[in-house]
Amino acid sequence: MSQKDRPVCVVTGGARGIGEAIVRRFREEGSDVALLDVDEARGRALAKQVDAHFVRCDVGEPGDWDAAVRELREHFGRLDVLVNNAGVLQMETIERTTADDYLRSFRTNELGTFLGIRAVVAPMREAGGGAIVNLSTIHALRGVAGAFMAPYGATKAAVISLTESAALELGRFGIRVYCVTPSWLNTEMSTRTPLPPELTESLRNRGGAVGAGNPWRAQLEPSEVADAVWFLANDEAAVYNGTNLVMDRGGTVGSYPNLPPPERN
Ligand SMILES: NC(=O)c1ccc[n+]([C@@H]2O[C@H](COP(=O)([O-])OP(=O)(O)OC[C@H]3O[C@@H](n4cnc5c(N)ncnc54)[C@H](O)[C@@H]3O)[C@@H](O)[C@H]2O)c1
């Protein structure tokens, strides 16, 4: 995507949270934006507000992707950027996580990302190239004691691996593929996901604060993730093809045992 064009950008899970910030950022920059989500009410309302195009799409459904890409090609005539942002979080102990729970996370977070990449290859090849940005999480990089996010982290680790293979396979078509890996943000995913009693208890024991050494402390704003996605989607980021951009204010580059929490930087 070149900044002088009027590129067409597709954002999954764009109805709220990080996805909404990405939708707004690309609209502010003058891109045409398609917002794909299962939440029709909020998706349509946001699309109307920012003059974007809403398509109902469950990213885990191959048929939904086929229909969405067909509609977007008819509507915009081209596709330049895909942001695979839709995701779900379940926080639970391994013992209480059922196979269905696990597959539900996998279906949206990993299969949904794969199906999105697959769906845009043909239109991006026709356009002479494009950029794909996938969303992972620092829980994909290492475990966090007591976070109860084993399946979530595993599905998002697969997204990093998928990014690397896709960047290599699709690079020859001019399609660049990236991952962004944020720490935590105060979105509905974080505030509305029910906590297992073990976590509620340990948070209570710590006075509600997350302890030193825990990269959760590195809070980000959705607009900061949107800035990173905008940067990677542009041609200037071509040298970083395949990269995983970790965004955690240094939270995972080392550990901070027995130190007071570092200043926010
Ligand atoms: N919030 C965080 O702390 C955090 C940290 C790191 C990474 N992430 C990742 O960033 C992305 C966005 O997170 P968020 O905090 O904005 O989440 P959110 O729950 O606030 O929003 C997610 C959006 O995805 C949509 N969605 C869910 N399942 C879908 C499906 N099957 N098909 C289409 N749309 C679907 C939801 O309707 C919603 O609009 C996710 O991939 C998440 O894993 C979030």
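What follows are my notes, from confidence and overall layout down to one helix.

**Ground rules.** I am working from a predicted model, where local features need pLDDT of at least 70, side-chain atom pairs count only at pLDDT 80 or more, and totals for chains, interfaces and linings use all residues. I number residues from 1 along each chain as its sequence is written.

**Confidence.** I checked pLDDT (the predictor's confidence in each residue, from 0 to 100). The protein averages 91, and 90% of the residues score at least 70. I flagged residues 209–213, where the pLDDT is below 50; this stretch still has 10 contacts in the model beyond near neighbours in sequence. A contact here means two residues whose C-beta atoms, placed from the backbone, lie within 7 Å.

**Overall.** I found 8 helices and 9 strands; these are DSSP runs numbered from the N terminus, helices being H or I of at least four residues and strands E of at least two. Of the 265 residues, 41% count as buried, meaning that 20 or more other C-beta atoms lie within 10 Å of a residue's own C-beta, placed from the backbone; exposed means 12 or fewer, and partly exposed is in between. Among contacts with a separation of 6 or more, 72% come from residues 24 or more positions apart.

**The sheet.** In what order do the strands of the open sheet run? I read β3-β2-β1-β4-β5-β6-β9, 7 strands with parallel pairing. Strands pair if DSSP finds at least two bridges between them. At the edges I have β3 (53–56) and β9 (244–247), each pairing on one side only. From one strand to the next the twist averages 20 degrees; axes are lines fitted to C-alpha atoms, for helices over the stretch in contact, and angles run from 0 to 180 degrees between N-to-C directions.

I then looked at β6 (residues 175–182), which runs parallel to β9 and is joined to that strand by 4 bridges. Cys 179 has Asn 244 of β9 as its bridge partner. Helix α5 (residues 150–170) lies across β5 (130–135), β6 and β9, at about 165 degrees to β6.

**Helix α2.** Which residues of α2 (residues 40–50) are buried? I noted Gly 43, Leu 46 and Ala 47. Down the axis of α2 the buried residues fall within an arc of 100 degrees, so they line one face; the arc is taken over directions from the helix axis to the C-beta atoms. Their cover includes α1 (17–28), β2 (32–37) and β3. On the other side, Ala 41, Ala 45, Lys 48 and Gln 49 are exposed. After α2 comes Asp 51, with a positive phi near 60 degrees.
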